Amino acid sequence: MIKKPTVALGIVAFLVLLFAVCLVSAIHLLEPRNMPFGVTASSPVVDAVNKDNALDVITYPSESALMTAAEQGDIYGGYVVGTDSDTLVTVPAKSFFGEIFVRGGFEKEAAAQDRKITTTVVAPLPTSDRTGGVVGLLLLPTLMGGYLVASLLYSSTKSAAAPGRIGFVLGYAALTSLITWLIAGPVLGAIPSGTIALIPAFFLVTVAVGLSAVALQALVGPMGSLLAALLFVIIGGAGSGGAGAALLPTFWQTVGNFFPPRHAIELYRNVIYFGGHNIGLPILVLGLYAVVSLIVIIAVTRRSAPTEAAVAGAPRGTSKVVRRALLIPAAFAFILTTLFALNYTSSGHEPVAEHMPFGVVGSSDLPDAAQGPLLSLDVISYPNAQAATEAMDRGEIYGAFIASESPAQLIVVPTMSDVAPLDLTHAFEAAAADKSEQISVKPYEPTPLPAGDPFALVLATVLVALLVGGYMSASMLTNAVGTASGRWRGLWLAGFSVVTALAIDLAITFGFQAIPQNSFWIAWAIMSLIIVVVAWFTAVLRRLLGPAGVVVTLIVILQFGNPSSGGSNGATYLPGFWNQIGHLFPPRNDFLLLRNAIYFGGNGIEQPLTVLLVYALIAGGVLAYLDWFRSPEPVIPGLTDEDAAGAAVVAIPVGPVA
């Protein structure tokens with residue numbers, strides 16, 4: 001009895017650790033590595049920016065040739081050398097973070113060399129996609145939709161080569177592709193009008209992924225779903241390059257080329273922003289995945305024809321039962337896929353700061369002038385700079401404007417948000433320029449960001465892995481032992497949480513140096529709490545609702561809790577609905593507890609800690625009661641624990657910067 005749960009939870013712990021390591025290693029240091037960059041001639045400014053060989057410098061014969069390359073998405077930026085002044089070309093749609101590097105690096109070096117430059121923006125990001133995250137958000141429903149339908153169908157039929165499976169996947173892909181486009185386009189306005197070409201792109205990605213998963217199931221049986229999640233979600237997702245492939249470590253730049261997520265991202269981005277240029281390779285790779293998978297599935301289906309013939313001879317009505325059994329898992333897959341499209345896109349495609357807590361010392365009209373459609377401030381007056389600094393130390397405000405100093409000083413807090421310092425700096429500098437005033441900008445970190453997390457992205461990334469570990473452990477434990485009851489189940493999940501959190505904390509803190517080392521112990525405790533809350537919550541719903549309880553957990557935690565967490569942007573950037581509901585779910589409280597304990601001296605942790613402890617006490621108490629009295633487990637026709645476990649394995653968000 002001990003061996004099965006130990007093996008099952010050990011496999012989950014390994015997968016969750018691998019998931020965390022892959023994601024963090026891919027995004028914790030977003031910096032250019034051989035980033036394609038165009039020039040028209042040699043320049044000491046370019047040489048200075050490229051002193052660490054961050055750029056793959058490509059020389060073009062003329063400015064028009066360079067501009068054409070930028071417009072087609074061939075390069076991340078360019079530098080046109082002139083006689084009296086130079087022109088810097090930026091391409092925000094190619095990479096939001098890449099544009100920050102290009103603009104900041106070249107403006108700094110040009111100023112140091114007293115060289116005048118002007119900036120030309122090619123393929124600017126619209127307000128509806130101001131950080132370039134929409135392509136990653138579109139990847140979620142198309143990537144996960146293929147995995148989900150393949151996994152759940154296999155769990156229901158115990159066969160990957162069942163007749164009609166190919167047609168079912170194709171039909172499902174067509175339906176979800178249309179739904180995804182309708183949600184992202186006409187409903188939410190996250191993509192420009194006229195991008196109907198995205199529908200076949202969505203279809204191709206979903207088919208390539210879904211048929212690949214079916215082919216793996218046909219070759220290796222039940223492990224096919226797990227292998228598909230490992231290759232396409234965990235490894236492929238980490239190397240997708242949603243923030244720009246050239247900003248990934250060279251290892252992930254290379255690995256990502258072999259998997260569908262990278263080519264899906266490039267296909268979507270190039271269709272939306274670059275007029276459909278450079279889509280041949282993504283279509284070819286995704287098409288090869290689909291065609292090769294078709295060949296494998298057909299070959300296995302023909303080989304198993306005698307078995308299928310025997311099934312055909314079953315009593316009349318059996319096929320109708322099978323069809324009905326397929327509808328339930330397919331319906332769950334469709335619901336989850338639709339929620340991936342609706343919830344993640346609506347919460348994240350247009351981050352606009354609403355009522356951002358912000359401190360002001362002294363009298364100035366710049367805080368009012370800096371506000372606009374992308375930034376509104378909840379201004380809090382402080383008597384002096386020390387009082388404002390203490391508020392920032394407690395994590396109460398995103399920054400402060402010290403008008404009493406000369407020149408006036410804008411202070412931003414990078415540990416509060418990865419986007420807020422950029423928005424505040426841009427808004428205040430623009431307002432100051434309009435009024436012919438001078439200001440200085442100073443970043444302030446009460447606890448400095450570690451070398452392995454300069455953009456404050458790691459905690460939000462790790463949180464996804466912790467949530468996955470919680471619901472997957474409860475689901476896989478039930479699947480392994482064949483029952484959702486057992487008096488020691490809560491302790492098994494608690495032990496799993498402590499061990500898995502320790503492994504992740506060690507890897508992130510000491511392996512990647514992405515969490516301050518003096519926060520190791522408190523981070524371990526909080527990570528353990530995060531995992532066990534979700535694990536016990538899942539276990540309780542599984543006992544009360546049967547296998548459907550796991551799917552309900554995925555919806556509550558993954559489809560509503562995670563999109564409303566705020567993540568690295570901060571909750572102030574969420575739309576009203578998502579901002580308001582976030583405090584009700586564990587993920588928002590998980591993130592605030594982890595962030596404030598590590599970077600703000602434990603200030604502001606009372607509410608999130610209380611919420612999580614209430615979740616833990618209620619879920620743990622109910623689970624203990626149910627397990628002690630061994631109440632009957634509900635049975636949902638057409639949905640088994642294998643179905644639920646399959647959904648738990650593959651229903652993983654690819655990550656905040658996919």
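Which residues does Asp423 touch, not counting residues up to four places away in sequence? I looked this up before anything else. Asp423 touches Arg130, Leu375 and Tyr573, where contact means heavy atoms within 4.5 Å. I found Asp423 in helix α16, residues 420-434. Helices here are DSSP runs of H or I with at least four residues, strands are runs of E with at least two, and both are numbered from the N terminus. Asp423 is buried, with a relative accessible area of 13%. Buried means under 20% relative accessible area, exposed means over 50%, and partly exposed lies in between, with a 1.4 Å probe and protein chains only.

Note on the source. I am reading a predicted model, in which local features need pLDDT of at least 70 and side-chain atom pairs count only at pLDDT 80 or more, while totals for chains, interfaces and linings use all residues. Residues are numbered from 1 along each chain as its sequence is written, and side-chain values use heavy atoms, with hydrogens and water left out.

Entry: the cores. A nonpolar core is a set of buried Ala, Val, Leu, Ile, Met, Phe, Trp, Tyr and Cys residues joined through side-chain atoms within 4.5 Å. I noted that the largest one has 200 residues, and that Phe106, Tyr268 and Phe428 touch the most other members. For Phe106 I listed the contacts, leaving out residues up to four places away in sequence: Phe37, Val45, Val46, Val49, Leu55, Tyr79, Leu88, Phe101 and Ile117. Another core, of 5 residues, lies apart from the largest one, and Leu574, Trp578, Ile581 and Phe585 are among its members.

Entry: α5 and α10. Two packed helices are described by the angle between their axes and the distance between the axes. Axes are lines fitted to C-alpha atoms, for helices over the stretch in contact, and angles run from 0 to 180 degrees between N-to-C directions. Helix α5 (residues 134-157) and α10 pack at about 125 degrees, with their axes 9 Å apart. That makes α5 oblique to α10. Angles under 35 degrees count as roughly parallel, over 145 as roughly antiparallel, 65 to 115 as roughly perpendicular, and the rest as oblique. From α5, the contact is made by Val135, Gly136, Leu138, Leu139, Thr142 and Leu143. From α10, Pro261, Ala264, Ile265, Tyr268, Arg269 and Ile272 take part. I had already met Tyr268 in the largest core.

Entry: α18 and α19. The axes of these two helices come within 8 Å and cross at roughly 140 degrees. That makes α18 oblique to α19. I then asked which helices the buried residues of α23 pack against. They pack against α18 (489-511), α19 (520-545) and α22.

Entry: The 24 residues of α23 (606-629) should span 34 Å at 1.5 Å a residue, and the end C-alpha atoms are 34 Å apart, which agrees. The expected span is 1.5 Å times one less than the number of residues. The buried residues of α23 include Val611, Leu612, Leu623 and Asp627. Helix α20 (residues 548-561) reaches 18 Å from its first C-alpha to its last, close to the 20 Å expected. Of the 14 residues of α20, 10 are buried, so this helix is largely enclosed by the rest of the structure. Among the buried ones I noted Thr553 and Gln559.

Entry: Asn596. This residue is in helix α22 (residues 586-599). Asn596 is buried, at a relative accessible area of 5%. Leaving aside neighbours within four places in sequence, Asn596 is in contact with Gly601, Gly602, Asn603, Gly604 and Ile605.

Entry: backbone exceptions. Most residues other than glycine have a negative phi, and most peptide bonds are trans. Asn34 has a positive phi of about 55 degrees. Asn34 sits in the loop between α1 (3-27) and β1 (35-39) and is partly exposed at 46%. His355 also has a positive phi of about 55 degrees, but is placed in strand β6 (residues 353-361). At 56% relative accessibility, His355 counts as exposed. The peptide bond from Ser406 to Pro407 is cis, with omega near -5 degrees. Pro407 is in the loop between β8 (399-402) and β9 (408-412).

Entry: Phe258. Is this residue buried or exposed? Phe258 is exposed, with a relative accessible area of 56%, and lies in the loop between α9 (250-256) and α10 (260-273).
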